[in-house]
Amino acid sequence: MPQHTARLTEFIRTYEQATNSHDITQLVPLIAPDAVYWFSDGSHRGRKAILSAIAKTFATIHDEICQIDDLEDRPQR
């Protein structure tokens with residue numbers, strides 16, 4: 001389990017850094033084609049819709065900083 005947790009933590013840190021770059025191309029390989037994101041303006045389905053929503057946020061909030069804390073690795077049932 002520790003190796004699994006380390007991989008997940010590494011992914012989240014990579015995602016966090018990509019988001020903070022405000023370079024949408026860095027996020028492309030990190031978002032699954034069938035992902036669903038929930039933002040304050042609603043949910044977005046699929047990579048294209050999600051990247052569009054993120055790009056809109058980048059264009060609106062120039063100094064936004066993404067910080068992901070309190071990660072938990074819960075056992076799957």
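Phenylalanine 58 counts as buried, because its relative accessibility is 9% (buried means under 20% relative accessible area, exposed over 50% and partly exposed in between, with a 1.4 Å probe and protein chains only). The model is predicted: local features need pLDDT of at least 70, side-chain atom pairs count only at pLDDT 80 or more, and totals for chains, interfaces and linings use all residues. Residues are numbered from 1 along each chain as its sequence is written, and side-chain values use heavy atoms, with hydrogens and water left out.

**Overall architecture**

The chain has three helices and two strands, where helices (H or I, at least four residues) and strands (E, at least two) are DSSP runs numbered from the N terminus. From the N terminus on, their order is α-α-β-β-α. Taken along the principal axes, the box filled by the C-alpha atoms is roughly 40 × 25 × 20 Å. Of the 77 residues in the chain, 22% are buried. Among contacts (heavy atoms within 4.5 Å) between residues at least 6 apart in sequence, 47% join residues at least 24 apart.

Phenylalanine 58 belongs to helix 3. Leaving aside neighbours within four places in sequence, phenylalanine 58 contacts Thr19, His22, Asp23, Ile24 and Leu27. Phenylalanine 58 and leucine 27 are separated by 31 residues in sequence and by 12 Å in space, C-alpha to C-alpha.

In soluble globular proteins, nonpolar side chains tend to be buried together. A nonpolar core is here a set of buried Ala, Val, Leu, Ile, Met, Phe, Trp, Tyr and Cys residues joined through side-chain atoms within 4.5 Å. The largest such core has eleven residues, namely Tyr15, Ala18, Leu27, Leu30, Ile31, Ala35, Tyr37, Ile50, Leu51, Ile54 and Phe58. Helix 1 and helix 3 are the elements that give two or more residues to this core, and helix 3 gives the most, with four residues. Alanine 35, a member of the core, is in contact with His44, Arg45, Gly46 and Ile50 when neighbours within four places in sequence are left aside.

**Accessibility of selected residues**

Several residues discussed in this report are listed below with their computed accessibility.

| Residue | Relative accessibility | Class |
|---|---|---|
| Threonine 19 | 9% | buried |
| Glutamate 16 | 12% | buried |
| Histidine 22 | 23% | partly exposed |
| Arginine 13 | 30% | partly exposed |
| Aspartate 34 | 65% | exposed |

Threonine 19 is part of helix 1. Outside the four places on either side in sequence, threonine 19 is in contact with Leu27, Phe58 and Cys66. Histidine 22 lies in the loop between helix 1 and helix 2. Although histidine 22 is not a glycine, its phi is positive, at about 60°. Aspartate 34 is located in the loop between helix 2 (24–27) and strand 1 (36–39). The C-alpha atoms of aspartate 34 and glycine 46 are 4.6 Å apart in space, while the two residues are twelve apart in sequence.

**Salt bridge**

Side chains of opposite charge can pair when their charged atoms come close. A search of the whole structure finds one salt bridge, defined as a side-chain nitrogen of Lys or Arg within 4 Å of a carboxyl oxygen of Asp or Glu. The side chains of arginine 13 and glutamate 16 form a salt bridge with an N to O distance of 3.2 Å. These two residues are separated by about one helical turn, because arginine 13 and glutamate 16 are three residues apart in helix 1.

**The largest pocket**

Rolling a probe the size of a water molecule over the atoms shows where empty space is left. On a 1 Å grid over the protein atoms alone, a pocket is an open set of points where a 1.4 Å probe fits, with protein on both sides within 12 Å along at least five of seven lines; lining residues have an atom within 4 Å of a point. Grid points are joined across faces, edges and corners, and a volume is the space filled by probe spheres set on the points.

The largest pocket has a volume of about 340 Å³. Its lining comprises 18 residues, of which Phe39, Ala53, Ile54, Thr57 and Glu64 are the closest to the pocket centre. Helix 1 (2–21) and helix 3 (47–60) each supply at least two lining residues. Helix 3 contributes the largest share, seven residues. By residue type, the lining divides into nine nonpolar, six polar and three charged residues (Ala, Val, Leu, Ile, Met, Phe, Trp, Tyr, Cys and Pro count as nonpolar, Asp, Glu, Lys and Arg as charged, and the others, Gly among them, as polar).
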